[in-house]
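Here is a short report to read beside the structure. Keep the viewer open and follow the residues as they come up.

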Amino acid sequence: MAHDPAAPIGVPFSGGIDSGAILLCLYKLLLNEGQSPARLKAFTLSVDGDGDDARQARDFLSRVHLEMLSEVVEVSSSSLDPLRAVAVIEDYKPLDVECAAVNLALLAGIRDRYPDWTLLVDGDGGDENLKDYPLEANSELTIRSVVNNRMLYQEGWGVDSIKHSLTYSGGYSRGCVRSYACAREFGFDGFSPYTRPSVIAVAEAIPFAELTKGSHERLYALKGDIVSRGARSVLGIDIPVFPKRRFQHGSVSASEVARLFPQDEARYRRHFETLYAAVV
């Protein structure tokens, strides 16, 4: 899709290192091209006026002296609608549904403020490329299986076979659909540089086993180390590194996570089935 070369650019921003690196690269590119950085906005979701992401985003931007890019989108928890998210992304896995629910709330807020904006650039895919997921959350995973499978988080388990279902993969394609569907719902055109083949090729070439030496802690620290070193080398900026946090957990008060996101796959799946029962 062709875009106005002076069109504003929105970055969904949690203060995490993935979206942070994207934001800083875009800022530097605009300056290098002689364009105004006022084209750029970092949008952070805050539900009921709370959430660690809003605090973290402010801290990040303060440390790199770019507070002027920040815009917090505040919404009520009553606007979070996981069943609508099921319909939009055509999926029922709880983590995907919950992420989509808060993403839809953020995008609705941006659209209300900026009816004509279309461009969104995000950091989706950074976790997959650098294997930044807690192994403890999946009993099937071991550090050995993660570091020795180059495309585990991109492709999912069961390469060259059907493991999950005939409809859904267990890899990053699920996340791509989730991001695309939410953006399309509000007329945005989204893009993540981490999904470029050239970027994935660099990630594939990282010697994860050699660098981590069987240590969970080294694996979890690896993404922050690699991205921060890259930002320092290429951009000349010391980029803050914070602990990993899921979008749906960082946008709300920690005390409200269990109530708002009860991990109810059965409910989501039943709703999904009702949407398509007539078709079947």
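Predicted model: local features only at pLDDT ≥ 70, side-chain atom pairs only at ≥ 80, totals over all residues.

Five strands form an open sheet in the order S3-S2-S1-S4-S5, and the pairing is parallel. Strand S3 (70–75) and strand S5 (189–191) are at the edges. Each has a single partner strand, so one side of each lacks a neighbour in the sheet. From one strand to the next, the twist averages 30°.

Strand S2 covers residues 40–47. S2 and S3 run parallel and are joined by six bridges. Within that pairing, Thr44 sits opposite Val72 in S3. On the S1 side, strand S1 (residues 9–12) pairs with S2 over four bridges, again in the parallel sense. There, Val11 faces Ala42 in S2.

How many residues of S2 are buried? The count is eight of its eight residues, and the strand is mostly covered. Leu40, Ala42, Thr44 and Ser46 point one way from S2. Lys41, Phe43, Leu45 and Val47 point the other way. Both sets are buried, and Lys41 is among them.

Helix H2 (residues 52–63) lies across S2 and S3. Its direction is at about 150° to S2.

Asp48 belongs to the loop between S2 and H2. Asp48 has a relative accessible area of 45%, so it counts as partly exposed, since that class runs between 20% and 50%. Beyond its neighbours within four places in sequence, Asp48 contacts Val75, Ser76 and Ser77. Val75 falls in strand S3 (70–75). Pro262 is 214 residues from Asp48 in sequence, and the two C-alpha atoms are 18 Å apart.

**The second largest pocket**

Now turn to the second largest pocket. Its volume is about 830 Å³. The lining holds 34 residues. Which of them lie nearest the centre? They are Ala21, Ile22, Cys25, Pro193 and Tyr194.

Several elements each supply at least two lining residues: helix H1 (17–32), strand S4 (119–121), helix H5 (126–129), helix H9 (197–204) and helix H11 (216–234). H1 gives the largest share, with eight residues. By class, the lining has 23 nonpolar residues, six polar and five charged.

Asn129 lies in helix H5. Its relative accessible area is 7%, so Asn129 is buried. Leaving out residues up to four places away in sequence, Asn129 touches Gln154, Tyr194, Val199, Ile200, Ala203 and Phe208. One of these partners, Tyr194, is also among the residues nearest the centre of the second largest pocket.

Ala100 is part of helix H4 (residues 94–113). Is Ala100 buried or exposed? It is buried, because its relative accessibility is 0%. With residues up to four places away in sequence left out, Ala100 touches Ala85, Ile89, Arg178 and Cys182. Leu80 is 20 residues from Ala100 in sequence, and 9.5 Å separates their C-alpha atoms.

**Two lysines with positive phi**

Most residues other than glycine have a negative phi. Lys131 has a positive phi, near 55°. Lys213 also has a positive value, about 50°, although it is not a glycine.

Lys131 sits between H5 and helix H6 (143–147). Lys213 sits between helix H10 (208–212) and H11. H5 and H11 both contribute to the lining of the second largest pocket.

Which of the two is buried, and which is exposed? Lys131 counts as buried, because its relative accessibility is 1%. Lys213 counts as exposed, because its value is 61%.

**Accessibility side by side**

The table lists the single residues discussed above.

| Residue | Relative accessibility | Class |
|---|---|---|
| Ala100 | 0% | buried |
| Lys131 | 1% | buried |
| Asn129 | 7% | buried |
| Asp48 | 45% | partly exposed |
| Lys213 | 61% | exposed |

Technical notes. Residues numbered from 1 in each chain as written. Heavy atoms only, no water. Pairing = 2+ DSSP bridges. Axes fitted to C-alpha atoms, helices over the stretch in contact; angles between N-to-C directions. Contact = heavy atoms within 4.5 Å. 1 Å grid on protein atoms, 1.4 Å probe; cavity = no way out; pocket = protein on both sides within 12 Å on 5 of 7 lines; lining within 4 Å. Points joined across faces, edges and corners; volume = space filled by probe spheres on them. Nonpolar A, V, L, I, M, F, W, Y, C, P; charged D, E, K, R; others polar. Buried < 20%, exposed > 50% of the residue type's maximum accessible area, 1.4 Å probe, protein only.
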